[in-house]
Amino acid sequence: MLTGLNHLTLSVRDLSRSVVFYRDTLGLRLHARWDRGAYLSAGNLWLCLSLETEAASDTGRTYTHYAFSIHQEDFPSFAASLGAAGVPEWQQNRSAGDSLYFLDPDGHQLEAHVGSLAQRLAACRAAPYPGMAFED
């Protein structure tokens, strides 16, 4: 049911430094930036930078995770099958589009996500995050 890599989210300690690194040093395209994050792309890869909180540092668990694409029509049965298999969730969805955040057997933080960077940016234009500015 998963169709490929959707996006990669990296927890960062210094958002400005990370934006400069990924945009200026590595050449990724910056699409949007806000108080606690940024959306960039490299070809078809959607990269999200998320400012790490003190609480995450204290617990040792950051927001870094790997998201896989899934079609909207497959999402309910996929979520039900993971639930039936007892796959633990590590977070509830708080963003635009359906997402299921789950752990693999080794504790890697994964996500099944419906939607694309273009859809997320459109949702953010309609309801921007605090301090959000768009580059394109």
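In soluble globular proteins, nonpolar side chains tend to be buried together. Keep in mind throughout that this is a predicted model.

Leaving aside neighbours within four places in sequence, Val19 is in contact with Asp24, Leu30, Arg33, Ala38 and Leu49.

Next, colour the strands. Nine of them form an open sheet with mixed pairing, in the order E6-E7-E8-E5-E1-E4-E3-E2-E9. At the edges are strand E6 (89-91) and strand E9 (133-134), each of which pairs on one side only.

Within the sheet, select strand E5 (residues 65-70) and strand E8 (residues 109-113). The two run parallel and are joined by four bridges.

Helix H4 lies across strand E2 (29-34), strand E3 (37-42), E4, E8 and E9, and runs at about 150° to E3.

Move to strand E4 (residues 45-51) and select Ser50, which lies in this strand. Is Ser50 buried or exposed? With a relative accessible area of 14%, Ser50 counts as buried because the value is under 20%. Apart from neighbours within four places in sequence, its contacts are Thr9, Leu10, Ser11, Val12, Arg36, Gly37 and Tyr63.

Finish with the charged pairs. Side chains of opposite charge can pair when their charged atoms come close. How many salt bridges are there? The count is two.

For one of them, select Glu52 and Arg13, where the closest N and O atoms are 3.9 Å apart. This pair links distant parts of the chain, 39 residues apart: Glu52 sits in the loop between E4 and helix H2 (54-59), and Arg13 in the loop between E1 and H1. Glu52 is buried, at 16% relative accessibility, whereas Arg13 is exposed, at 65%.

For the other, select Asp24 and Arg23, with closest N and O atoms 2.7 Å apart. Asp24 is partly exposed, with a relative accessible area of 49%, and Arg23 is partly exposed at 32%.

How values were computed. Residues are numbered from 1 along each chain as its sequence is written. This is a predicted model: local features need pLDDT of at least 70, side-chain atom pairs count only at pLDDT 80 or more; totals for chains, interfaces and linings use all residues. Side-chain values use heavy atoms; hydrogens and water are left out. Buried means under 20% relative accessible area, exposed over 50%, partly exposed in between (1.4 Å probe, protein chains only). Contact means heavy atoms within 4.5 Å. Two strands pair if DSSP finds at least two bridges between them. Axes are lines fitted to C-alpha atoms, for helices over the stretch in contact, and angles run from 0 to 180 degrees between N-to-C directions. A salt bridge is a side-chain nitrogen of Lys or Arg within 4 Å of a carboxyl oxygen of Asp or Glu.
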